[in-house]
Amino acid sequence: MRCLPIGVIHTPHTDPDATPIQPVFARGAPGRVEVDPAYAAGLRDIEGFSHLYLVYHFHRAAPPRLVVTPYLDDHPRGVFATRAPVRPNPLGLSLVRLVRREGNVLHVSDVDMLDGSPLLDIKPYIARFDRRDDVRCGWQDAIDDATADARGSRWDRDSR
Ligand SMILES: C[S@@+](CC[C@H](N)C(=O)[O-])C[C@H]1O[C@@H](n2cnc3c(N)ncnc32)[C@H](O)[C@@H]1O
């Protein structure tokens with residue numbers, strides 16, 4: 001299988017250590033998704049959706065590791081029980097807010113990926129399909145919201 005980028009994601013984030021670790025900690029961080037004109041017809045009807053999943057290449061990731069210490073935790077975890085970028089297939093998945101579309105460019109917010117991340121796919125968030133209430137979140141359940149916020153944000157909107 002071979003995946004080819006369908007565009008590029010531009011964000012204010014250039015330093016991996018100063019980039020929010022998830023969109024929920026990146027509220028208001030603006031991004032621009034430039035879809036190659038060859039794929040622009042595929043954006044038809046996308047304006048109707050408030051949130052989009054972006055699938056992209058962690059193009060600046062370190063080599064893969066199967067056990068990692070997550071950003072929010074001090075204990076080693078299996079990489080597939082985390083969202084760490086150092087995965088055998090370095091794919092990122094971020095749920096961002098769609099602000100507006102201008103032709104083949106999507107203006108989004110709440111971005112947690114580095115500038116220049118190659119875009120591989122876009123899928124709309126569909127509450128009917130994606131929302132879950134009866135969830136367990138493994139080791140994450142032991143982390144309180146204040147700690148998660150303090151360790152996950154890493155982005156000072158006012159200093160940009
Ligand atoms: C924990 S990952 C989560 C990304 C995505 N929301 C996910 O769940 O797949 C986010 C972190 O990955 C790093 N990162 C983001 N984009 C990257 C890229 N293109 N290459 C390498 N590292 C990246 C940054 O350090 C950022 O804080």
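## Ligand site and pocket

A polar side-chain atom of Q22 lies 2.9 Å from a nitrogen atom of the ligand. That is a polar contact, a pair of N or O atoms within 3.5 Å; within protein, one must be able to donate a hydrogen and the other to accept it, and residues adjacent in sequence count only if both atoms are side-chain atoms. The model is predicted: local features need pLDDT of at least 70, side-chain atom pairs count only at pLDDT 80 or more, and totals for chains, interfaces and linings use all residues. Residues are numbered from 1 along each chain as its sequence is written, and side-chain values use heavy atoms, with hydrogens and water left out.

| Residue | Protein atom | Ligand atom | Distance |
|---|---|---|---|
| Q22 | polar side-chain atom | nitrogen | 2.9 Å |

On its own, the ligand has 600 Å² of accessible area (Shrake-Rupley method, 1.4 Å probe). The protein covers 97% of that.

Around the ligand there are 23 residues (a heavy atom within 4 Å). P16, H59, R83, D112 and S117 come nearest. This shell divides into 12 nonpolar, seven polar and four charged residues. Strands β3 (51–57) and β6 (91–102) each supply at least two of its residues. β6 gives the most, with three. Strands are DSSP runs of E, at least two residues; helices are runs of H or I, at least four; both are numbered from the N terminus.

The ligand sits in the largest pocket. "Sits" requires more than half of its atoms within 2 Å of the pocket's grid points. A pocket is an open set of points on a 1 Å grid over the protein atoms alone, with protein on both sides within 12 Å along at least five of seven lines; lining residues have an atom within 4 Å of a point.

About 1600 Å³ of space lies in this largest pocket. Of the 50 residues that line it, I21, Q22, R83, A84 and D112 are closest to its centre. The lining divides into 30 nonpolar, 10 polar and 10 charged residues. β3, β6 and α2 each supply at least two lining residues. The largest share, five residues, comes from β6.

Helix α2 spans residues 145–152. At its start, a side-chain oxygen of D144 reaches to within 3.2 Å of the backbone nitrogen of A146. R154 follows α2, with a positive phi near 55 degrees.

Key:
1 Å grid on protein atoms, 1.4 Å probe; cavity = no way out; pocket = protein on both sides within 12 Å on 5 of 7 lines; lining within 4 Å. Nonpolar A, V, L, I, M, F, W, Y, C, P; charged D, E, K, R; others polar. Points joined across faces, edges and corners; volume = space filled by probe spheres on them.
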